[in-house]
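Keep the structure open as you read.

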Amino acid sequence: MNQMTLSDAFVPLKLANRSLAYKALAVLIGTAFLAVSSWISVPMVPVPVTMQTFAVTIVGALYGWRLGGLTVIAWLLESFVGLPVLSNGMPGQIAFAGPTAGYLVSFPVVAAFAGFLAERGFTRNPISAFGVMLLGNALCLVLGAFWLANMIGIDKAWAFGVAPFIAGGVLKSALAAATIELLRRSGIMVRLA
């Protein structure tokens with residue numbers, strides 16, 4: 001029985017062996033995708049949900065853990081220097097000092113996590129891809145809630161920083177898994193690879 005090697009694993013865009021210029025372009029496209037996704041607000045009760053975690057998990061799964069994590073770090077650095085790439089155009093200096101800091105810090109970890117699992121074949125089918133995306137969203141909520149709990153206490157962190165985002169996380173995970181499957185079936189990833 002053949003054991004799958006890392007080179008045989010499912011890395012959708014196969015960016016690891018590309019030139020530095022190609023990777024740099026991928027990072028720029030990824031940060032633009034992350035910015036646009038941050039500006040999309042989905043009305044939900046009790047709070048609106050952005051598409052940031054959708055984009056973070058997609059970038060990780062499509063780019064792989066190294067380039068996915070690096071792309072998210074680049075996006076956060078864009079915010080930190082003042083570009084309006086976060087939700088509501090909030091500058092990074094403010095966002096990294098406030099209640100959202102834990103979630104922002106979790107984003108590169110989440111992208112790397114999703115990319116790591118994608119590289120090992122866990123996004124090859126829609127069911128396991130959904131599981132990867134759901135775990136990524138859960139990881140974001142947990143890491144973000146730790147920071148928030150230090151500011152407002154664990155009960156309030158759960159009530160305001162986790163519970164309202166669970167349904168959105170499930171929906172975004174399903175959408176991310178469906179997006180990966182759609183890209184796979186359309187052959188886009190094969191043509192780009």
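Predicted model: local features only at pLDDT ≥ 70, side-chain atom pairs only at ≥ 80, totals over all residues.

Numbering runs from 1 along each chain as its sequence is written, and side-chain values use heavy atoms, with hydrogens and water left out.

Start with the core. The largest nonpolar core has 38 residues. Such a core is a set of buried Ala, Val, Leu, Ile, Met, Phe, Trp, Tyr and Cys residues joined through side-chain atoms within 4.5 Å. Helix α2 supplies its largest share, eight residues. (Helices are DSSP runs of H or I, at least four residues, numbered from the N terminus.) Among the residues with the most contacts inside this core are L34, V72 and W75.

Now look at T71, in helix α3 (residues 65-80). T71 counts as buried because its relative accessibility is 0%; buried means under 20% relative accessible area, exposed over 50%, partly exposed in between (1.4 Å probe, protein chains only). T71 touches residues including V27, L34 and Y63, not counting those up to four places away in sequence. Contact means heavy atoms within 4.5 Å.

Finally, the charges. The whole structure has three salt bridges, each a side-chain nitrogen of Lys or Arg within 4 Å of a carboxyl oxygen of Asp or Glu. R120 pairs with E119, with closest N and O atoms 3.5 Å apart. E181, R184 and R185 form a linked network. The closest N and O atoms are 2.9 Å apart for R184 and E181, and 2.7 Å apart for E181 and R185.

Note on methods: Helix = DSSP H or I, 4+ residues; strand = E, 2+ residues; numbered from the N terminus.
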